[in-house]
Amino acid sequence: MSASALLEVRDLSAHYGRVHALKPTSLLVNEGEIVTILGPNGAGKTTLLRAMLRLTPSTGQVFFKGKDITGLSTHRRAEEGIIMVQEGRGLFGQMSVRENLTLGAYTQPSGTMSMDDRLDKVFALFPRLKERINQIAGSLSGGEQQMVAVGRALMAEPKLLILDEPSLGLAPRVATEIIETLGALNRKGLGILLVEQKAPLALKLAKRVYVLSLGRIAAELPATDIKSHHDLAQYYLH
Amino acid sequence: MITLTQLIQSLVTGVGVGLIYGLVGIGFCVIYNASGIVNFAQGVFVMLGGMICHAILSKFGMPMLLAALLSIPIVAISGILIEVLVVRPMWNRGAALFAIILATLATQIMIERITILTLGDQPRSFPEFTLGGPLKIGDIAIGYQYFWIMGCGALMVGLLWLFFTRTTMGRALRACSQNRESAALLGIPVSRMLMVSFALSAALGAVAGILVTPTQFTAYNVGTPFGVNGFIAAIIGGFGNAAGALAGGILLGILQALAIVIFGAGFKNVAALTVLLLVLFIFPSGIFAGLKGKSH
């Protein structure tokens with residue numbers, strides 16, 4: 001295992017009934033790195049994330065900061081510092097923005113920082129949420145909901161932030177805003193694993209890219225090399 | 001023809017009994033929201049509340065308040081035991097929800113049999129919390145216990161509201177009811193929340209049982225009618241909606257009380273089931289379904 005490995009997945013494999021949705025897959029995210037997983041619809045991206053977080057039964061091993069967390073349940077993995085923003089945001093739509101955000105800090109000991117200070121950190125990144133604090137989360141626009149989802153994840157002080165298609169369904173301007181925020185967080189040292197179907201924006205941030213196809217890793221390459229692969233560039237950059 | 005006095009008296013007793021149904025109905029909702037499970041052993045908590053309180057009163061001669069305060073955690077522990085011994089093993093093995101629901105029904109029958117073996121099959125009761133009465137206002141006579149039921153029922157609803165909106169655990173329970181995967185991804189231990197929901201539901205049932213026993217009696221088999229009426233209250237309110245279950249319980253209680261006065265005691269359950277059918281025909285998701293989640 002690499003000395004700076006934050007997350008290491010070894011031979012993770014998952015089935016949906018008889019369908020082998022994820023063939024043995026290994027990947028690595030280093031400390032402070034942004035890694036992107038690209039792949040067309042149905043490639044197994046979400047299955048890979050669900051298996052990593054133990055939302056879907058799987059075989060294989062998962063290590064986090066050198067510790068074998070294969071046997072840990074989903075909520076224990078969150079306690080370790082792996083926080084995921086699901087595709088579709090996974091907000092508690094009938095609860096207020098404030099309630100959604102404060103639940104993000106569920107794993108955080110109450111003595112370390114006041115809830116208001118935690119909220120202020122999120123508002124510094126997404127000032128619009130401060131105006132929406134008492135609004136029911138389900139009534140927000142798609143972009144604002146994504147901000148709540150990312151903000152809620154940040155309330156947990158993650159060591160690794162995983163995002164499943166965060167720009168899906170968002171206006172380009174909002175998607176850019178969120179991706180730029182992720183870039184700023186990464187510059188402060190946060191490890192990020194970003195899953196996208198088509199992601200010219202994400203590729204500007206990422207250091208390395210895994211290309212997933214038909215449930216297996218088809219390629220691993222530096223993000224800058226995507227341009228030199230004609231087929232990949234055609235598909236993922238346009 | 002029903003007189004005004006009878007109408008007012010029916011309304012008061014109906015609201016009192018309806019609050020009891022409402023508490024049982026909320027108990028159904030709390031577990032259902034946390035897990036999707038309909039706990040058919042819910043009525044057994046009402047029975048246990050009355051029986052255990054009676055046993056403490058008769059065996060140890062404790063004051064009523066102390067006996068009640070001791071009974072509630074004992075019944076809450078019984079709820080935890082059902083979750084740990086019956087529900088969780090099936091849940092962890094990925095059993096179908098209907099199988100778990102059937103197991104809770106089997107648990108109700110088993111607890112009833114254990115109660116017969118340990119405490120006997122004779123009905124029993126204990127005195128009203130405030131002796132004397134009833135309170136007479138003109139021709140209207142209202143037992144003091146109904147004021148206790150209404151007061152404690154309102155207090156319980158207020159405490160539940162505070163719990164669900166002001167405490168981290170309450171918010172976490174609501175989060176589980178809306179999206180269990182998202183809750184787990186934030187570090188909320190969903191299976192522990194299921195245990196909390198069983199304890200809370202059992203405590204609500206115990207309060208209902210302790211409050212209602214002085215107005216009638218308790219016995220090993222009173223859980224079934226309270227369970228059924230609480231279930232109907234929850235359905236009327238839109239299953240999973242706690243405020244709806246409370247309103248549904250009060251509506252059901254009033255209609256039953258009116259049916260008794262107008263048609264006779266034999267029509268009490270006919271009224272309840274007619275209301276259920278009518279509600280389901282007109283509002284298939286319950287009268288208050290649109291309020292789900294905003295009202296905890």
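So, A:Glu99: at a relative accessible area of 13% this residue is buried, and by that I mean under 20% relative accessible area, with exposed over 50% and partly exposed in between, using a 1.4 Å probe and protein chains only. Before I go on, this is a predicted model, where local features need pLDDT of at least 70 and side-chain atom pairs count only at pLDDT 80 or more, while totals for chains, interfaces and linings use all residues. Residues are numbered from 1 along each chain as its sequence is written, chains are lettered from A and ligands numbered from 1 in the order in which they are written, and side-chain values use heavy atoms, with hydrogens and water left out.

Okay, back to that glutamate. A:Glu99 sits in helix H3 of chain A, residues 97–104; helices here are DSSP runs of H or I with at least four residues, strands are runs of E with at least two, and both are numbered from the N terminus. What does A:Glu99 touch? Leaving aside residues up to four places away in sequence, the contacts are B:Thr165, B:Arg171 and B:Arg174, where contact means heavy atoms within 4.5 Å. With B:Arg174, the side chain of A:Glu99 makes a salt bridge at 2.8 Å, N to O. The cut-off there is a side-chain nitrogen of Lys or Arg within 4 Å of a carboxyl oxygen of Asp or Glu.

Now the rest of H3(A). Seven of its eight residues are buried, so the helix is largely enclosed by the rest of the structure. Among the buried ones are A:Val97, A:Asn100 and A:Leu103. And what do the buried residues pack against? From chain A you get helices H4 (115–125), H5 (128–131) and H6 (142–155), and from chain B, helices H5 (144–166) and H6 (168–178).

Let's zoom out to the interface. Chain A brings 25 residues to the contact and chain B brings 21. The buried area between the chains is about 2000 Å², 60% of it from carbon and sulfur atoms; that's accessible area, with a 1.4 Å probe, lost when two parts are put together, summed over both. On the chain A side, A:Phe92, A:Gln94 and A:Tyr106 lose the most area, together 33% of what that side buries. There are two salt bridges between the chains. Which elements of chain A give two or more residues to that side? They're helix H2 (74–80), strand S6 (82–85) and H3, and H2(A) gives the most, with five residues.

Last stop, strand S9 of chain A, residues 208–213. Five of its six residues are buried, so this strand is also largely enclosed by the rest of the structure. S9(A) runs parallel to strand S3 (34–38), joined by four bridges, one of which pairs A:Thr36 with A:Val209. Pairing means DSSP finds at least two bridges between the strands. With strand S10 (216–222), S9(A) pairs antiparallel over six bridges. That hairpin has two residues between the strands, and A:Leu214 takes a positive phi near 50 degrees.
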